[in-house]
Amino acid sequence: MSLYRNSVWFLKGLNQYCRSGYESASKHFVPEDLEVNVTGRSFMVTGANSGIGKAAAKEIARRGGAVHLVCRNKDRAEEAKKEITTETGNQNIFVHILDMSNPKRIWEFAEQFKNEHRLNVLINNAGCMVNKRELTEDGLENNFATNTLGTYILTTLLLPLLGKEDDARVITVSSGGMLVQKLNVSDLQSEKTAFDGTMVYAQNKRQQVVLTEQWAKAHPNIHFSSMHPGWADTPAVRTSMPDFYEKMKDRLRTEAQGADTVVWLAVSPAARKQASGLFFQDRQPVPTHLPLAWTKSSPGDEEKLMQALEELSQKFKPR
Ligand SMILES: NC(=O)c1ccc[n+]([C@@H]2O[C@H](COP(=O)([O-])OP(=O)(O)OC[C@H]3O[C@@H](n4cnc5c(N)ncnc54)[C@H](OP(=O)(O)O)[C@@H]3O)[C@@H](O)[C@H]2O)c1
C-alpha cells in the first residue's frame with residue numbers, strides 16, 4: 001500500500017472524520033432538510049440491528065417510514081425492532097433474516113420480497129472487516145462476499161421493484177478508507193497476495209463506490225449515492241480495529257452522527273437534487289480520489305467488475 005496515500009488519508013481523517021469534523025461540518029447543515037414526514041414510503045436497511053444501520057433505521061422510523069430491517073441474527077434483529085418501535089412509536093418495522101455473505105439466500109430473499117412488498121429506498125449498510133482470509137460455504141472470501149457481491153446481488157435484484165416507485169433511492173454505506181485503494185479486478189477473492197483485512201475491506205469499499213457510479217449511469221430513474229459515515233464508535237470498529245479503537249476512542253463520532261448523512265440521503269428532498277452516483281460525507285458530495293494518489297480506474301476495469309459480479313451472481317441464481 002502506498003505510504004503517501006495512507007498518510008494523506010489519515011491526516012484527512014483526523015481533520016474530518018472524527019467527532020470534531022462532524023461538529024464543524026454540521027454548522028453548515030440545513031435543519032429543515034430532515035424535517036420531513038416519510039409516512040407511506042418503504043425503506044430497507046441491511047445490518048440494521050446495530051451501529052449506523054440501527055441509528056439510521058430509527059431516524060427513518062421517527063419520520064413515519066415503514067422500515068424493513070435485514071439482519072443475520074434473529075435475536076439481535078428482534079431486539080433492534082423492539083427498541084426502534086418503543087422509541088419512535090412506529091409499528092411498521094419488519095424483520096427479515098438474511099446473511100449477506102450467502103448469495104443463494106440473497107436471491108431467494110429478494111425474489112420473495114419483490115412479490116410481497118413495495119420499496120422506495122434501499123440502504124446497503126451491512127458490512128464487515130474480517131482480518132483473516134476466511135471462505136464462506138460457497139468458497140467465497142468472506143469480506144468480498146458480504147461487502148461487494150452481497151451488495152451487488154441484493155441491489156440488482158431489487159432494482160425492478162424500486163423502479164416502480166416515485167423518488168426511488170439506493171444508498172450504499174462505503175468508507176473513506178476506500179480512498180487508499182485503486183479498483184483491482186484481477187484478484188476479487190484476495191488469493192494472489194498476502195492477506196491484509198484492512199486493505200481488502202478498503203478495496204471492497206472502493207468497489208461499492210464504482211458500483212454506485214455504474215448503477216447511476218445505467219438506471220437514470222433511480223437515485224444512487226455512496227457515502228462515508230466518518231469514524232463512529234460502533235461494534236465493528238471495536239472488534240475489527242481494536243488498535244485503532246484504543247487510540248481513537250475519545251474522538252469517535254456517535255452512531256447517530258455516523259448515520260446522519262445516510263438519513264439525509266434517504267429522506268431529504270435536498271439529497272434528491274444532487275446528481276446520481278456521487279460519494280457523500282457530511283451531507284456534501286466529496287471527491288472519490290485523493291490528490292495525486294493514482295487511484296482512478298479505467299472504464300475497462302469498471303466494466304470488468306460489473307461483468308465479474310454479474311457472472312458470479314448468475315452462478316448462484318436458484319434453478
Ligand atoms: N463505524 C465506522 O467508523 C465506519 C466507518 C466507515 C464505514 N463504516 C461502514 O458502516 C457500515 C455499518 O457498520 P457499523 O460501523 O455501524 O458497524 P456494526 O454496528 O458492527 O454494524 C454492522 C452491521 O452489519 C451486519 N453484518 C455484517 N456482516 C453481515 C452479514 N454477512 N449478513 C448480514 N449482516 C451483516 C452486522 O450484523 P451483526 O450484528 O450480526 O454482526 C451489523 O448489523 C458498514 O458497512 C461499515 O463498513 C463504518
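Which residues have the most contacts inside the largest nonpolar core? In this predicted model, the core comprises 81 residues, and those with the most contacts inside it are Val45, Ala56, Ile60, Leu69, Ile123, Val262 and Ala266. Helix 6 (residues 142-163) supplies the largest share of this core, namely 9 residues. In soluble globular proteins, nonpolar side chains tend to be buried together.

When residues up to four places away in sequence are left out, Val45 touches Gly53, Ala56, Ala57, Val67, Leu69, Val70, Ile123 and Asn125. Among these partners, Ala56, Leu69 and Ile123 are themselves listed with the residues that have the most contacts inside the core.

Strand 1 (residues 42-46) runs parallel to strand 2, to which it is joined by 5 bridges. Within this pairing, Ser42 has Ala66 of strand 2 as its bridge partner. Together with helix 3, strands 1 and 2 make a β-α-β unit of right-handed sense. A further right-handed β-α-β crossover takes the chain from strand 2 through helix 4 (residues 74-88) to strand 3. Strand 3 (residues 93-97) also pairs with strand 2 in the parallel sense, over 5 bridges, and His68 has Phe94 as its bridge partner in strand 3.

Strand 2 (residues 66-71) is mostly covered, with 6 of its 6 residues buried. In a regular strand the side chains alternate between the two faces of the sheet. For strand 2, one side carries Ala66, His68 and Val70, the other carries Val67, Leu69 and Cys71, and both faces are covered, as all of these residues are buried.

Glu23 provides an example of an exposed position. This residue is located in helix 2 (residues 19-26). Glu23 is classed as exposed because 11 other C-beta atoms lie within 10 Å, and a residue counts as exposed at 12 or fewer. Glu23 and Gln257 are separated by 234 residues in sequence, whereas their C-alpha to C-alpha separation in space is 9.0 Å.

Technical notes: Residues numbered from 1 in each chain as written. Predicted model: local features only at pLDDT ≥ 70, side-chain atom pairs only at ≥ 80, totals over all residues. Helix = DSSP H or I, 4+ residues; strand = E, 2+ residues; numbered from the N terminus. Buried ≥ 20, exposed ≤ 12 C-beta atoms within 10 Å, placed from the backbone. Core = buried A, V, L, I, M, F, W, Y, C linked by C-beta atoms within 7 Å. Contact = placed C-beta atoms within 7 Å. Pairing = 2+ DSSP bridges. Right-handed = clockwise from strand over helix to strand, strands pointing away.
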